[in-house]
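Subject: Structure for your files

Dear colleague,

Here is the structure I said I would pass on. My notes on it follow below.

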Amino acid sequence: MDSVLTDIILQDRKIAYLITDQNLNIASTGGTLEILQHNVNDLTGIPIVQLIPELTGIEILLQDVLAGDLPRLELPLINRQINDGETNYLTFVFLPMCDKENNIPGVLCIADDQTEIGEYQQRLTQRRNEISLVKNQLARQNDELAIANAELTRINEIRSRLVSVAAHELRTPLTSINGYVEVILDEDLGPVPETQRDYLKIVQNSTSRLISITSNLLDITRIEAERIELSLQPADLLEVLESVFQEAKPLVNTKNQQLTLNVSIDSTVILCDKVRVAQILNNLISNANKYTADGGSIVVELLPANDEGFLLISVADNGVGIHMEDQDKLYTPFYRTEQASQMAVSGVGLGLYIIRSLVEFHGGRVWVDSKPNRGSTFYVTLPLAS
Ligand code: ADP
């Protein structure tokens, strides 16, 4: 009964056993011998090293098991090619085969089919290798990216320095040209004939434009380097607007446009850098003037903002307007709408980028509400002083 039971278990678990004699030749066998994939039907008499070649070189350990000096020897997950090209995995355990008198007449070898575990381990190793390959690739790409990034930063710094130096160097002679032209136009040096006056005015307009471009370029390099410093002080927006309107008047008059101011708020004192706020308003009014036809209107309004502690400024025109899909791109450096590019209007697309940065440095926001051919209203919020 016991041996029948043992056979059933050995068959079910796919276990084979071999017992050797003192010379390590196979003396008897049992269990699921098929797992050994050996084509000799009767294994008796074969040296165990011949059946299990992995023992070659470590026969001494087998002798130790036989001598009772080594209680257990294990060869885990030995792979064997089987007939149809597949691989199975066997684990061999060698134990001293003690008899009742505690003599050791041979070695018991238990062979256990562990193909499932072996395949699983194989897959695991494969995955590990793949992961380490991907990791190495990633590390290499990261290194390459870091080098490219460093190079980009270097080129960016050179570009910023170049722009900054060029703009500085241009601004000084341009300002002096403008100054001298003004002296001539003021007739401080004597009367200026009308024809010459016209040409000098063109020179003056062109140099003013170049000065404004160089200032914008300098502002851009400062914004990018986060080097804009605001001198924040309470200032009455009405006073700032007065000088901005004064400056805008000639441009507005040339196009027969109407520039008006509505104030719908009690306190107009804000906490700001006066020069920068003047720059923001100048730019918005100049855009309204540029992108509105002759005879159009520009309305500046001061209102309470929804954001608590802020004042809202709106600059509305009835000009060409801006398509919905263009409105988000307006604040990108050098962006100009197709309509603007087609109009005979000067501009480089830096103004709104600078405006937004300056407003945000003040803690405020900028947005636009516009419809093509109906006009645009730009909104700016700035912090109230109180
Ligand atoms: P610039 O006027 O020098 O081109 P800005 O940065 O001030 O640059 O404006 C970016 C673009 O936004 C302009 O080129 C124009 O297409 C559009 N834009 C700005 N203001 C207006 C406006 N009031 N009406 C219509 N389009 C405008």
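α7 (274–290) gives the most to the shell around the ligand, with 3 residues. Helices here are DSSP runs of H or I with at least four residues, strands are runs of E with at least two, and both are numbered from the N terminus. α7, α9 (351–361) and β12 (375–383) each supply at least two residues of that shell.

The model is predicted, so local features need pLDDT of at least 70 and side-chain atom pairs count only at pLDDT 80 or more, while totals for chains, interfaces and linings use all residues. Residues are numbered from 1 along each chain as its sequence is written, and side-chain values use heavy atoms, with hydrogens and water left out.

The ligand

There are 21 residues around the ligand, and Asn287, Tyr291, Arg336, Thr337 and Leu352 come nearest; a residue is near if one of its heavy atoms lies within 4 Å. The shell divides into 11 nonpolar, 7 polar and 3 charged residues. In this scheme Ala, Val, Leu, Ile, Met, Phe, Trp, Tyr, Cys and Pro are nonpolar, Asp, Glu, Lys and Arg are charged, and the others, Gly among them, are polar.

The protein covers 97% of the 530 Å² of accessible area that the ligand has on its own (Shrake-Rupley method, 1.4 Å probe).

The sheet

An open sheet of 5 strands has the order β2-β1-β5-β4-β3, with antiparallel pairing; two strands pair if DSSP finds at least two bridges between them. β2 and β3 (73–81) are at the edges with a single partner strand each, so one side of each has no neighbour in the sheet. β1 and β2 are joined by 5 bridges, and tyrosine 17 has glycine 30 in β2 as its bridge partner.

Two positive phi values

Leucine 24, in the loop between β1 (15–20) and β2 (26–31), has a phi near 65°. At 7% relative accessibility leucine 24 counts as buried, the limits being under 20% for buried, over 50% for exposed and partly exposed in between (1.4 Å probe, protein chains only). Phenylalanine 334 has a positive phi of about 70° and is found in the loop between β10 (310–317) and α8 (338–342). At 54% relative accessibility, phenylalanine 334 counts as exposed.

Regards
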